[in-house]
Each structure stands twice: as structure tokens, then as C-alpha cells.
Amino acid sequence: MIPASFDYFRPSTIEEAVDVLAGAGEEAKVLAGGHSLLPLLRLRLAYPTALIDVGRVAGLRGVSDRGDHVHIGATTTHDEVVRSPIVREHCPLVALATATVADPAVRHRGTFGGSLAHADPAGDLPAVALALDMVLEVRSSAGERTIPAAGFFLDYLESALAPGEILTGVRVPKLGPGWGFHYEKFHRTAQAWATVGVAAAVRQTNGTVEEVRVGLTNMGPTPVRAAAVEEAARGVEAGQNGALRRAAEQAAEGTDPPADLHAQPDYRMHLARVLTHRALVSASAHRSPLT
Amino acid sequence: MTEQLDAGAVAQQIREHDALDAPGGGSEVGRARRRKEDARLVTGRTQWTDNIQLPGMLHVAFLRSPMAHARITRVDTSAARTRRGVVGVFSGQDFAGEQGSLPCAWPVTADTVIPEHPPMAVTTVRYVGEAVACVVAVDRYAAADALEAIEIDYEPLEPVLDMTEALAEGGPKVHEAGNESFTWKFAGGDIEAAFHEAPVVIDRTYVQQRLIPSAMEPRAVVAQTDGDHFTLHSSTQIPHVLRVMLALTTGIPEHKLRVIAPDVGGGFGSKLQVTAEEVLCLLITRRLGKPVKWTESRSEGNMTVHHGRDQLQNIRVAADADGRIRGVQVKLLADMGAYLMLVTPGVPLLGAFMYNGVYKMDAYDFTCTGVFTNKMPTDAYRGAGRPEATYAIERLMDELAVEIGVDPMEIRRRNWIQHSEFPYTTICGLTYDSGNYEAATDRALALFGYDKLRAEQSDRRERHDPVQLGIGISTYTEMCGLAPSRVLGSLSYGAGGWEHADVRVLPTGKVEVVTGTSPHGQGHETAWSQIVADSLGVPFEDVAVLHGDTATSHKGMDTYGSRSLVVGGIAVVHACDKVKEKARQVAAHLMEASPDDVEFSEGRFRVRGTGTSQTIQEIALATFAAHNLPDGFEPRLDASATFDPENFSFPHGTHLCAVEVDTETGATAIRSYVAVDDVGNVINPLIVEGQVHGGIAQGIAQALFEEAVYDSDGNLLTTTMADYLVPSAADLPNFTTDRTETPATTNPLGVKGVGEAGTIASTPAVVNAIVDALRPHGVHDVRMPCTPERVWRTLRTGGGEPA
Ligand SMILES: Cc1cc2nc3c(=O)[nH]c(=O)nc-3n(C[C@H](O)[C@H](O)[C@H](O)COP(=O)(O)OP(=O)(O)OC[C@H]3O[C@@H](n4cnc5c(N)ncnc54)[C@H](O)[C@@H]3O)c2cc1C
């Protein structure tokens, strides 16, 4: 990698990190796993003047059970998330989606927080964050605040993080009993990004769908919640022929998918419908796929 | 498509291979030796070109044209010169007087248009990525930073991006001389008679998409000089050819130029080239008197490594009502890109003699027009011409089967050359020396479970299963082992196709083999050691193989076209024969017998009918001492041989592929893949397996994944591996491989080349399977790569015209 030159800081506490970031100017960037940022530097598509490496900041890494929610530290790697018994038990959708991220090498470097902060609609975790109503914890030299996932993803590669703010951790609400989950990812090679992805959570009682959450990956400049599907699926009999398919037909409602080498928008819309159906069927079939 | 690995089975396999590595008697040839070069290659403890560090070495970075077609109107390098660490900044103007023109060694016709090809553009750029300036600096970072300070103004010209439009009257021209480089024709038999009132005529057009060779090691060059002599290290497949060509291009006398290909991490044809960067690094080192290094980035490589394929193929077949082929007519447009590089125009010709495949016919007619466009030049890429030919004929055989209403395997049986007919001279005039298509096919069908899969296919069709099953066949042959020098001459190629070997016997009985082949992943050190061990009766471990340095290996034609074993390996055999003949004389002299009474086997010379014997090692020492040699005997056992083959080699085989196509998403999953190849006798089954596996992967990559895409301005869009999808093991099924062994009759080892066979065979097997799955939906073609989106769109339009 031959990037343009930059200053490099490696703070060891969060206080130090926010101070360094505050002092480093507009063009400074936080560096976590580097697996989204470094490719941009390599191609000289980004010219940050300073990188603040949060990889060794104490207290930002690890998963803990906090009663009504699971807390995932921002610098927890994808691999640690996938392997965490707490994640697998209480928010298996996170583990399912994270397991589809790239390949083992990327999962050992890339971080949970970095994936959200990068705000790439093609990333697998932003859609999951939306579907599960995660809450993001943020810190700057001015103090702490929280941002609900629904207000975090503003535009393509643009989040609600203000300059000087560092994402420190994420709260993933536990959903309680009766839920089934699935992440349906469609991609062209095993380590490619999603052409389209669907994160689904379904709660049923005696075969009747009570509640559905659907987040879509790569169907617009931000991840999107498929509200029309969630509405249409409520109350249907999961086993009834065609019921979930009819609900899934709404999946492309209100989306604005990109055109790129891997797919044109109309094909992405088609995929969203097919994959949403598959995700709903799988989520209703497997209550807890990971335990 | 991933499968759980069985740890027990893996451990067992490792034990079996360990056993194979154990020294011991018996024949080396045929043994699945693990490759002796691999430890250093896979650990990186070796000299890749980019690892080379020379005192005072400077680094070069190239500024590349952002325009597909433009005139350079202003170049200002002054700001770049003031940047940190910059030693020199040069544009095309600075080299104009000395850079010459990059060579094309294969003017296929007398009137082939070969445009001037300056290594660095001077007045006009003709493709995105063409070098327009360079910075030489103390490190790579300084060089890359200073590139950004070079100012170049361009006056845009209209780019030529489509071959058909390029040939239309009045459009923009890539070169003054026009957009047609050549038209080359070839015919056998009476094509008009064949098509006249033929009961069946099928006419199809296939698109061979443009591909980007992706060697694991990017290209890299280190050039140095002492003011008189020059040394060029390059990640190249062709150190010997390169030396000659660079001498001719730069004016550095050949004897003052040493070219070294140290360990090289793959090429697939892309390093069978004389590149602009190699020439320019030599010129820079000549100018500055300092060593310089250039290593490309992957994105730079995607743009500027020569590309592969890119042909538009129109193929027509005339057949009788029972499907017997009367004749085949082929009209090709081949995209040359912006210039002709080393063998650019010859690539489609290597396919010209292969569109008849394994089949008999009365007439054949071939025309190829080479077309200039404002894109990266194309050139050899694994298979070079033969994958294209095999694809077209094997796709067409499936269409013919549908037309006649018989199973696609049956149509092949009706047309192929029978085992009993070999040697067989084809309609193209090639003599296939040996082969047994029946045997390879029967073996493949059994391994595949053909009938059972066909039953499952009908069942899924009846059930309207959204996931349809398709079966694809490819009964291929190819011509490789490039090549008989006379044939190359008749095709206007600029050089011969011989290969050279020196075998040196050291005083202690160890053996050094100097080969003119230039391995870059093929395992020649191992295979040549096996050949020598058997021939001279010395232990495998006692053989060292030297290659890739024109100072140690002065003579060679290098590695490409599946030629190394069938040409270079035979040169080794012949050199060993000469060594043995010399040693026999010494042995006879020492044992006081007539040479006619001395037999040689397993490393020992014996006097027939007596107990007297001497080992080859003893003879080696005695020859070294030279105290007691026959009168007039030159005290050395060393010998050289240069082998020029009398014919190509013709590996063949049957590949069968079953795919599941999800008609809802358009996604294709390969369910099973069986390859039964006949590459003649096998020196090392493990190496053959490796070549077959990698080859199949590369052919599948063309069928399903890879395509170089330019936009309507001529910008390459697939510059990274996120856009240009090279499949990994996780995207591929397990391959079931097997072999039949019909020895080649044209060389003493009975071997045929294996380097390209898998790639040549597999692409049509996969696409045939996809089309087979979708025929009930009215589909008769899917354009490559058969991406999910393309399959989905083809299904929606229910046709088969290129989507
Ligand atoms: C080959 C490859 C394939 C990939 N495939 C996938 C895939 O299939 N699916 C997928 O979801 N992802 C994929 N990724 C991306 C991977 O998941 C990244 O690791 C992730 O997107 C970013 O995490 P990171 O820790 O590497 O962030 P970095 O690259 O370090 O940072 C990314 C961005 O987030 C900011 N940032 C990071 N951490 C913080 C923080 N704590 N506070 C504030 N800002 C922060 C940085 O400033 C930067 O702008 C792939 C990456 C590669 C290289």
C-alpha cells in the first residue's frame, strides 16, 4: 500500500483518543480494523491528515450481557462477535450476519463498530442494526451521547457521527422469546459484498406471525427497513402457502437501489423480493439457529 | 459449496504423501512427489523480484493516461521535480529518441498493420493506463506522491471501443492506418459443397469476453548497470526471449545484457511479454546509472497487464440429418486492443486449427480479422486461442444435438475420431498422433453418474422445480507443446519452438540440469529431477535444476503453451542419453570391456555376463580425476541437447459438469464436476492434478465470474478485485479427476502438455450445463460470464441473444 502521508496516533485511553481527535483537525480519521479505510487510502481516494488508531484503546473491545441488552464494544472484531456465546444466545441475527462478512482474514481484523461507523449500505451489519433497533454509544471531548440506529445512517458512507466523535459501543436489545432469525445474503463470490442482503426477525405464536423486522442491505444509499413487508406479514399464518411470499412482494417498496457492475436496480428489487421471502421462511422455521 | 474437511482423511493423505517423498528405489517417473521448490515458494523465503534490494536503488512510479484516446498537448513536470525525494521526472518526449517500439514477433500476414508502439506515449495516448510519464525517487512513497504534481493536458479524441463499429466506414481511427490490423484466412475441403443443400445448418455468434490475467505475484522489474553491462530482473515467463527482444529494442548489445527471472509467482501468459516497464526501467538505469525498481499495484496491473480473449465468434455448422458434420465455417473478430504486443495477432491463430475439435468433417473455413480498439492490448492468456475454439465447437455440438433431437453425448460419438483411426490427419491438416476419446468418455460418464443425473433433471422439469438441473459436456482436444519450428515459420512466427537443456555431472556424482524452460509455478525442478533420476539412475535428491538466468542458462525458449515438458523435458532426456553414452565409454575403459558389452541400469554399468560393475558416481569421479580415460576422451560427462519437436502434442479428455440454476435469482451453483483427461504418460500425478485443478478453476472463472469491463468513455471499471471477480476455492466445487493414459507417439516419454487443458475444457462444460438447465424456458444461449443477473434477464426475455 502506497498511501499519501499522514500523522499517526495510537492513544491508549478513550479520554486521550477524543482529545487527540479533537486536536487533529477536520481531515483526521479514526482507524479501527482498517479494512474499509485502508483500501480507500491505497487507492488514494481518501487523504486524511491524521489517523487515530483506536485499536488499543482500553475498554472498547468485548461483548457483555447487560440484562435487557447485549453490549458490543466498538473495536470487537467480527470474529469475536461470531464466536461470542452471549451474542449467539441473545442476538443470533448479529452472529448470522457477521459470519457472512468476507473471509476469516477480514473477520479477524474488521470491527463491529467500524462496520457501522463506515455507514456502507452494502455492509452486512447496518441492516441488522436497523432491524434490531440497536443504540449506538458515542463519545467526544464534549461528552457522551447515544444515537438510535434509525437515526444513524444518513447517506452513502455518511453517519450521524459528528467530527470529533468516536463510536465506543453498541447496545443490542434482547428480543425475548418466540423469535426466529435469518440473514439471507446474495453475493457473487464467497468473499464479495452483498449484491442484496436481507436481515429478518420473525416472532410467532402457534404459527401466527405476530411481529416481523426486516432490514435490507444494499438497497439504497443507506440500509433500509422494509416497513411495508413488516406490516403485510403481521398476522399471517407462517405455514400457509404463499402468505409470506405475498408479504415479501412489498420488499422493494420505497427502496432506491444502486446500479453497479454486479446488478442494475430492477434486478436488485427483484432479488429483494425473492430473498425477503426466503429470509422470512427461514426465520419462521428456525427459532434459534445457533443454539 | 464448501464441504467439511475430514481431519482423519487429511492426516492419512499427508502420511501417504510423506511416504512418497521418502528416498528409495524404483521408478521416479510416475511418482506423486511433492514439489521440492514449494517450501521456499510458499514461505516466501526466496527472491521474488520485489524482494531484491540493491545499494542506492531508486524507485519508479508511472503516471498513466486517464484518457482512452487523446493527444498530449502539454506536459509540465517542473512541480514534480521539486517534491521530496525526487531524482528524476520523465515524459515520453524525454525517451522519444531512444525508446524504440515495443516488439510484435508475430506479423501473421505480409500486410499486417503493426503500429509504432512507444513504451511511453509521446504525442498520443490510445488506452487508459498507457504510461505517459514517470517519477524516479528515493522510495515508492515519494515517487507516488510526486506523480500527483505532474501536469498533462490532453485534447480528447473519440475512442474506438466496439469491434464492429471500428470496422465501419468513416468512424474514428485508433491509428492512421485504420482499425483493421489483418485478415487471416485458412481453409480445408470444399466449404460450399458442405453447406450446399445441407439438411441442417446452425449459425451462432458467441462472445468471448475480455479477461484480465491475475497472477498471484504482480509484475516487478529491477534494472541495474555498471555502465557497460546491464542486468534486468523481471517477473517474467520468458527471460531468454526477453533478452533478445530487449537487445533489439534498446540497442544494448545482447552479450552485455543479462536477464534474470528469479522465482516468479504465476503468469498464465501475462508474463509472456516484452513490457513497456521493462524497456523503460532499462532506459532509466542507463540514463541515471543507478539501479531502479518498479513493482505494480494490483489496480495498475488490472489496467496494464495484457488482457486475454475478447473475440466475437460467428460459427456455422452444416450437418446431415443424422447429425454427421459436413463442414464448419468460422468468422472471428479479435480485439487486438490499441497495439500489437509480442504475439497479439497470433493468439486467434492458435485456435484456428482447433474449431474442428475432436470431430471429423469434410470441409472447414476460417477467417479472422484483427481489430484495433482503444483498450489495453490483448495477448496470450492460458490456452491462447484454443479455449475460444473449444468453446465455440463444444457449444455448437450441444445446439446440433438439440436440432437433431439426440443426447449431446450421442452427437459427439457420431462425429468424433474413433480410437482405431489414430494417427488421424484432421481437416486442418494436423496429425493427431494418439488418443482414445471413447475410453476417457466412458470413464467420465461412470464417475459422473450421467444417467441418474438425467433422470433427476427430467424429474425437476416435471415438477417445475425453481432450481433446475443442467448437464454440460465438453469432449475436447487441444494442440500444445509449442512447437515445431518449421510450423511456426510457416505461420510467420518470429522464432523457433525448440528447447535446450544442459546436464552437468559433478565430481561427487550429483547432477545439475540447466533448463531453457522458465518455470513460474509449474514444478519443473521436481519433474526434471524425476526424469533425470530415472534416466541416470541417481537419487532424486541428487539432482538440482537451474533456470531463469541467461548467465547460467544461456539458451532457451522459455515457458508457455504447455511446452515445457513435451519440448524442454525431452531435451533433458536427450542430454541424459548423451551423458550415459559418454559414461559408458569411460566405464568400458575402466572395466576393460568393449562398450558394446556394457549395459546400464539403475545407475550402474555392468559388463554383460560378468559380475563386474561401476556406478555412475564412480564414473563421475574417475572422469573428474581424468587419470585413466580412453584415448582422446574429453574429460567431461556433461552434455547438451536442443530438441525441436516434430509435432504438437494433443491432450484430450471429457469434462462433465452438473449445475443447479436457481431460476428465481439466476444464480448458478456447480453441483458436480468430473474431468477425465488424457495427457499421455504422467511424470508426476500430483503436479498434473494441480495443473488440472487450477486450469478448471480458471475456465470456470470465465464461464461464471470474470470480465474486464470498460465504460463508454473507455475507462476500465474492473480495476480492483472487488469488481473483477476471481473465484477462490470457496466458490468452486470439489473436482472429481481421473485420467486415461494414451501415450504420445511423438516423443520418447510419451507425454503431452497439461498446463492449459483444464482451462480449455471447462468453460464450455459449464455454459453447456447452464443452457441445458434452461432449455425448457426457451433459452439457447447465455453470454459469458453467466452472472446471476444475466441468467435472470435471459430467462425473462426467454431467448438467448446476448444479454
Ligand atoms: C476484502 C474485503 C471484503 C469485505 N467484505 C465485507 C462484507 O462482505 N460485508 C461487510 O459487511 N463488510 C465487508 N468488509 C468490510 C469489513 O467488514 C470492514 O472491516 C468494516 O466495514 C469496517 O471495519 P473496520 O474496523 O475495518 O473499520 P476501518 O476501516 O478502520 O474504518 C472504517 C470507517 O469507520 C470509521 N471508524 C471506524 N471505527 C470507528 C469508531 N470506533 N468511531 C468512529 N469512527 C470509526 C473510520 O474512520 C472509517 O471512516 C470487507 C472488507 C474487505 C477488505
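**View 1. B:Thr250 in helix α8 of chain B**. B:Thr250 belongs to helix α8, which spans residues 239-250 of chain B (helices are DSSP runs of H or I with at least four residues, strands runs of E with at least two, numbered from the N terminus). The model is predicted; local features need pLDDT of at least 70, side-chain atom pairs count only at pLDDT 80 or more, and totals for chains, interfaces and linings use all residues. Residues are numbered from 1 along each chain as its sequence is written, chains are lettered from A and ligands numbered from 1 in the order written, and side-chain values use heavy atoms, without hydrogens or water.

**View 2. Surroundings of B:Thr250**. B:Thr250 is buried, at 6% relative accessible area (buried is under 20%, with a 1.4 Å probe and protein chains only). Its side chain reaches the backbone nitrogen of B:Ile252 at 3.2 Å. Beyond neighbours within four places in sequence, B:Thr250 is in contact with B:Val279, B:Leu282, B:Leu283 and B:Arg286 (contact: heavy atoms within 4.5 Å).

View 3. A polar backbone atom of A:Gly33 is 2.7 Å from an oxygen atom of the ligand. A polar backbone atom of A:Leu167 is 2.9 Å from a ligand nitrogen. On its own the ligand has 960 Å² of accessible area, and the protein covers 91% of this (Shrake-Rupley method, 1.4 Å probe).

**View 4. The shell around the ligand**. The shell has 14 nonpolar, 12 polar and three charged residues (Gly counts as polar; Asp, Glu, Lys and Arg as charged). Of the 29 residues around the ligand, A:Val30, A:Gly34, A:Leu37, A:Thr111 and A:Asp124 come nearest (near: a heavy atom within 4 Å).

Key
Polar contact = N/O pair within 3.5 Å; in protein donor to acceptor, adjacent residues only side chain to side chain. Buried < 20%, exposed > 50% of the residue type's maximum accessible area, 1.4 Å probe, protein only.
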